[in-house]
Structures are given as structure tokens and as C-alpha cells.
Amino acid sequence: MGGSAPRRVHQPPVETTSFVDRRDELAEGRRLLATARLVTLTGPGGVGKTRLAGRIAARVERAFPDGVRFAHLAGLHDPALVPLAAADALGLHDHSEQPPLDTLVEQLRDRRLLLVLDNCEHLLSACAELAAALLHGTTGVRVLATSRHRLALTEEHLLDVRPLPVPDPDSDLSAAATYPALALFADRAAAVAPGFELTPDNRAAVARLCRRLDGLPLAIELAAVRMRVLGVDQLVARLDDRYRLLTTGSPAVLPRHQTLRAAVDWSHELCTEAEQLVWARASVFAGSFDLEAAEAVCADAYADAHDDDDEWGNGDQGDGTSLGDGKSIDVHPQDVLEAVAGLVDKSVLCREGGPGTARYRLLDTLRHYGLDKLRQRPGEESAARRRQRDWAQEVAAECERRWFGPGQREIVARLRADQDNLRAALEFSLTAPGEARAGLGLAGTLWFYWHACGAPREGRYWLDRALDAHPEPTRERARALWVAGLLAGCPEDLTRGRHRAEDARALARRLGDPAEVAHAEYLLGLMALFGDDLPAALAHYEAAVARNPVDGQLPSLAVLDQVELAASLAFLGHTDRAVQVCEDAHRLCEEHGEEWVRSYVLRVLALAYAERKEWDRAEPHARDALRRKLAVHDVIGIGLTLDLLVVITAARGAHERAAVLLGGTDRVWAGIDGNRFGSTTYNSARRESETRVRAAVGPGVFDRAYRRGGGLGLTAIVSYAIQEAGKPVVPGPRRADGNPHPDSVRADPRLASLTRREREVAELVAEGLGNQQIADRLVIARRTAEGHVERILGKLGFSNRSQIAAWVAARR
């Protein structure tokens, strides 16, 4: 399981429909970002702020060497999560105990990037605090925000995103197609009524309709769906009827809010009863969701099947749902697919790609509308949120069961896609009366996600809250205690982590739970290893491996006992035994198709051979470990393995290459803990290698190579590390500042063989994107993306994507 790493959802939303021209706003947004460090797109709901932000970001991306990242905030409700969501979007993995905002600023101090904060209006204070910290604490970070309200910072420059201009229906409409509002309607109408286009006969009616809708893109899109069954004149007439009813409402409501509400009301009334109920219940999803999730949360039959309390004491609500008029309906799982399809047809749900399956999303405006409807039905919101939490528990438990086996990359991608929904499930459990134990269980079940996939700070946040909310002595608490300790990182936190592990072991013994005892003991041995007490670590893991796994012990941790035993042996010079232990553990991983633990086995195998100074045997294992770690985005493991490759590369005499690796490796560790947890064992060889490399190449060459490595992102430095590792690289001509000389780029004839689009695709391959993600980013078909990749491989003479990524990294 090699190749590209699964990506966090930190890219612009995938555009599934065409983007209607906003030339002036695009130009103004680019102009503002060229001179200002904080630009906020403001405007009413449904006006298109998010899509415009995505377009602006795409246009200015080349100006930011460290990239453009999106932090999608619509699914967040806790202000404390805002800096964590930003760090997640930026690919930073903080293990420290200092305030997250301070760490974020520290890690971004030398970066040049654009951070897009999307949907800030419900978290204004937290977003303003984040933006202010970045503006005052860094020099190269710029922020583009979208919000219905300004952030109220003195540095803020506003771009008011107005509704689309609409011509006077009674004026000369010969150039009607040049008006974005009319073009938008025509485009969306043609999607449901093939062949529809603006003509001299219909353009006045279309202009009248768009004017009635105040040029709001979302309102226009919702209305255009009606063209499936109505003509334009009928549509205008029926919309006029709606507005006559609307005038009886509150005069305090802003006209544009009335417009959007009328359009959404109309879409809602044209839904079947089942579609209305699925819309309301689906509004508890904080992010996108797949059909299986929709069936679990939106169907009554799912609730009926879970009436009995489960192991965490959860019950569910009754049968059928009242519609407020004395009637009630049942929505069965088989009805949900039809309802979802109907909501997609009506543009209520957006369909988007996902890891292995189609996913659906409610636009924020429509989600809040659905929540309003849900709250009008007594007991429905709490029942739906409980079902959503129960679904999250089942997903987490299933992923944990499957973790020690094939498909880990798919598991990670699935959990990342559902990240906002997991947060919503945890928030419900920790705020609803009587649900804290369930929240503690969910947070502990996700141990492998928090630990293996680079989310320790957020894991600690939820675990600490859950432990405070549920102090009772339960198995869930024993699990959560050692997981919280496992996520400890920096030296200041290791003592706290050790206490957590000791408390977990004591509680598990009291409860008679040998599996949780074994899990806590794994962590205690790890603390000894990173605390440089190698004899204690060796004795600990000798005993753990000799004991054999106990019933219920997590297989990943049982094999990691062997990995840490081998590491202790290698560091103490017992390399023959270390190799033997690794080979036994490797066979076990192979039998189960496991990749994450195997990457640690391979790293320690490389360590054992490195301790013997058998560099030719050590290097392939380290490279293989890196590939597998990138596949699940195990950032700590990547940092440890890169450190080892620095030692190997320096020992083999590829000193300039080692300097590049040092720069990239230190950048990776800067996002975790630059002090490598304060461990002498894990730091000493790397420091000695740096001293050797500096002396070999001189300060000027070293500094230029180091800066080059420091300018590479995670995927790029891994790609560089696995390309021809261990062979001295002959550098091409370079400018005085250390960057490639233009002649060195022109000297590669393969570059000229690529078309402009193929160069774009090659860059995206180097970022770690798969074919579907490339297709989504470039708004092309997956098959087209696959064709581009195949042609790139042929023109460059390569056999795999890693070679493309390494070639792009070398050119940079």
C-alpha cells in the first residue's frame, strides 16, 4: 500500500457545476490579497462567497510557495477547535502543551502561504483571534476569510460579495447571455431540461425571475430545478404567488433574507414528506455523508433496531415522526435512497466524490433550514443526534476492528471525510445529559486515528473533556486514560502521560481487564524507551513479548511490543536478535495484510542494519517504511524514518543530499516537536550526521541545500528521500541564492515534452493527489486524469507516480 497519502479535506470545495463569471470580484480579490494580509469576503447566505474564495485562491496560488489551504469551519461549533482545524488544514501536527494558537504561530513563522477560513460568521471571535495572531506573529501568512459579518480587525480589508447583476426585464435584452444571473439560470435549467437556452422569446421572463430572486445564486439554482416540470412563465407566475404570501411576514426581515427564505420554502414544499424528513434529519450531519450514514440517521427503522440500551447505556426514540398536523410517517432504510436521490435532483443535496463512495452535503444555508424544521418536531433533534452518534460509534468500532489488516489507507480516508461528523457526535455526547460515557468510549475507540494519522492535539482535547465528564471507574475510562497518555508528545507532557498510563493500568487491574492492562503497559515501556532508560525498556518488552497477547488485546499494540523490543535491542547493540524479532513481526504483518505497524517494523529493521553500518541493507528498508507511512499520513513515523535516512545518507557520502534531507526533516519535526521529545537516544545520531555533513560540504553549500529541503512539503520531501536514495546527486547549475538556475530547468528535455496541462497534473501528483482528486481539482473526468498521468509516465520514462513526484521535487 504505497503511493500517495490520503489527503485531509483542506482543498477548495469540489465544483460540480460551472462557475458563473464574477470577473470584477475575482480581479478585486486578487488586487486586495496583493496588498493586504487579511481579506474578508462578506455577503448574505447563498451569494456564493465560498466558491468565489476558491476561485480567488486558485488564481493567486503561485504567489505562495508554501501553498493555499482551506479550513472549512461550517461544521465546527466549539471555538476552541478553530486553531486545531487551521492546524489540521495546514498539515501541522502539534504535540506540545502550549496553547494551540501559540504553537500554530510558531510553526508558521517562516512560511509563505494563504489560509482560507471559510464560514466564520458563527465563530467570529475565535476566527478574529486566529487571524490577529497570524498577522502579528508571522510575516508571510495571509488570510482570506468568508463570513456574513466582518471580523472587525483593523487590518481587515472587505470585499462585499453582492448578488449577481440582473438586467431590467423591459430593457434591451439582446446581450442577455452576458449577465451572470441569466447565464447561471440557463446553465442550471439546461441540466434538468436538456436543450434549454436563452432565446428572444424567454429572456425577458428569465430576467424577471432572476430579478424577483434578487440575483442570489442559491435562490436562482433552486428555482431552476423547477424547469424539470414548469416553463419559465409558469415559474415566474408561481414565484409571484409566493411573494404575495411572503409580504405578510415580518417587515424586520431583510429583503434578501426574505428572497432566500421564499426560495428555500418553495423547494421544501415541493419535496415529498419522506424527502422533507430526510432533509431535516440529515441536517445533524456537520459535514458530508454517504448513503450508509444517511440510512443510519434518517430512517426510523434504524432507531427501532436500536431501542434496547447498548453497552454504553444509549437508548433511542419512538416510532414514526409527527409532521405537526396529527399525521406521522415512517422512513425505512430502503426509502432513504429514493429520498436522497430526490433531494439531489432538487439541488437540496450536493453530490460529491468521496473515498470509495459517493457523498452528499447540505449547503450551510439549507442545513440550518433543516435544523429549524427538525426543532419544530418534539424530540426529533435529540433522537437524530443520538442516531448520528450511534452511527459514529459503529463506524469507529468497525474501523478499529479492521485496523490491523488491509485497507488502512481507505480507513484513514473514510475517517478524515467524516471528521466533522465525528466531532458532532463527540460534542453531542459531552453536552447531552447522560451521554458522557458514550463520548468517552468513542474518543478512546479512535485511538489509532488520533495517534497514527497525525491528530494528537485534537485527540487530547476530546479525551480530556470526556475524562472530566465521566470520572466513574469504567472500562471506557481505563481505555481513555492510556490513549491520552499515548498522545502526549513533548518532554513537558511525558510525565503527565506516564501518570495517565499508570492510572489506566491501576484501573484496568481493578476492573479485571487484562487487555487494557496490556495496552497501558505498552505505553509505559514506550515512555522508558523515549526517556533514554534503555535497560528498563528492554526488560519491559522482553516480559511483554514472552507473555504473548492476552484476550482482547489490540493486535497493533501486541505487535508493537515486538517492534519496541527490537528497537531496544538495536540501540543496545544486540542487532542479531533485533533483526530476528523484526523478521518475526514482519511475517505476522504480512499474514494480515497490515501496513502501518509494518512500516515501524521496517524502520527498526533499517535501524538494526544501520547500527551494524550495513548501509546497503538499511536503506531499502527505510525507504519502504517511508512509503507505507506516507500512505496513512503517519507524520511522527515519517519524521523518525527521515532522521534515520539522514544518518544512512551521510554515512554513504552523499553529503549534499543529506543536507537537503536534514532541511526537510527538520521542517517535518517543526510541526511535531523540534526537540524530538527530548530523547537523546533518538537525537544523537542525527546531530552527529549534521556535524559530519557540515564539515564535508562547507557552510555555504550546506545552508543552500538545507534551505532547499526546508522548502519542500511533506509529500515532496518523502518523494525526494525515496528517489535514488543513497546515491550522490550531481547538482545542476544554481543561482547565487541556491535556487535552480533557469538553464538547469531548460536543460531537461523531458520538461519541454510535457503540455501545460500535463505539468499541472505532475505538480498535483507530487502533492500526493490520486487520480480522482486530480480530476476534482481540475474539474475534469477521472479517465482524463488517468490519461494525463499515463502520458506523463511515458514521456518521462518512469514506471510509477513516486518517480514523478521525485522529479517534480528535484526540479523545485
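1. In this note, a residue is called buried when its relative accessible area is under 20%, exposed when over 50%, and partly exposed in between, with a 1.4 Å probe and protein chains only. The model is predicted, so local features need pLDDT of at least 70 and side-chain atom pairs count only at pLDDT 80 or more, whereas totals for chains, interfaces and linings use all residues. Residues are numbered from 1 along each chain as its sequence is written, and side-chain values use heavy atoms, with hydrogens and water left out.

2. E690 is buried, at a relative accessible area of 17%, and R686 is buried as well, at 7%. Their side chains meet in a salt bridge with an N to O distance of 2.5 Å, the term standing for a side-chain nitrogen of Lys or Arg within 4 Å of a carboxyl oxygen of Asp or Glu. The two are separated by about one helical turn, because they lie 4 residues apart in helix 32 (residues 680-697); helices here are DSSP runs of H or I with at least four residues, strands are runs of E with at least two, and both are numbered from the N terminus.

3. The structure holds 56 salt bridges, among them the one between E595 and R628, whose closest N and O atoms are 2.2 Å apart. That pair links distant parts of the chain, 33 residues apart, with E595 in the loop between helix 27 (575-592) and helix 28 (596-611) and R628 in helix 29 (residues 615-632). Both E595 and R628 are buried.

4. E760 and R757 form a further salt bridge, at 3.3 Å from N to O, and both lie in helix 37 (residues 756-766), 3 residues apart, which is about one turn of the helix. E760 counts as partly exposed at 31% relative accessibility, and R757 is partly exposed at 28%. Elsewhere, salt bridges that share partners join D643, D666, R676, R686, E690, R694 and D703 into one network.

5. The search of the whole structure finds 17 aromatic pairs, where rings of Phe, Tyr and Trp (its six-membered ring) pair if their centres lie within 6.5 Å, and planes under 30 degrees apart count as stacked, over 60 as edge-to-face and the rest as tilted. The W447 and F448 pair is edge-to-face because the ring planes stand at 80°, with the centres 5.9 Å apart. W447 also pairs with W482, and this pair is tilted because the planes are at 55°, with the centres 6.2 Å apart. With W447 in helix 20 (residues 447-452) and W482 in helix 22 (residues 475-486), the latter pair ties together parts that are 35 residues apart in sequence.

6. W447 counts as buried at 1% relative accessibility, while F448 is buried at 0% and W482 is buried at 0%. W403, W447, F448, W482, W596 and Y600 form one aromatic cluster. The charged end of K629 sits over the ring of Y600, 3.0 Å from its centre, a description that requires NZ of Lys or CZ of Arg within 6 Å of the ring centre and within 35 degrees of the ring normal.

7. An open sheet of 3 strands has the order 6-10-9 with antiparallel pairing, where two strands pair if DSSP finds at least two bridges between them. Strand 6 (289-290) and strand 9 (349-352) stand at the edges, and one side of each lacks a neighbour in the sheet because each has a single partner strand. Strand 9 pairs with strand 10 (residues 359-362) over 4 bridges, and E352 stands opposite R359 in strand 10.
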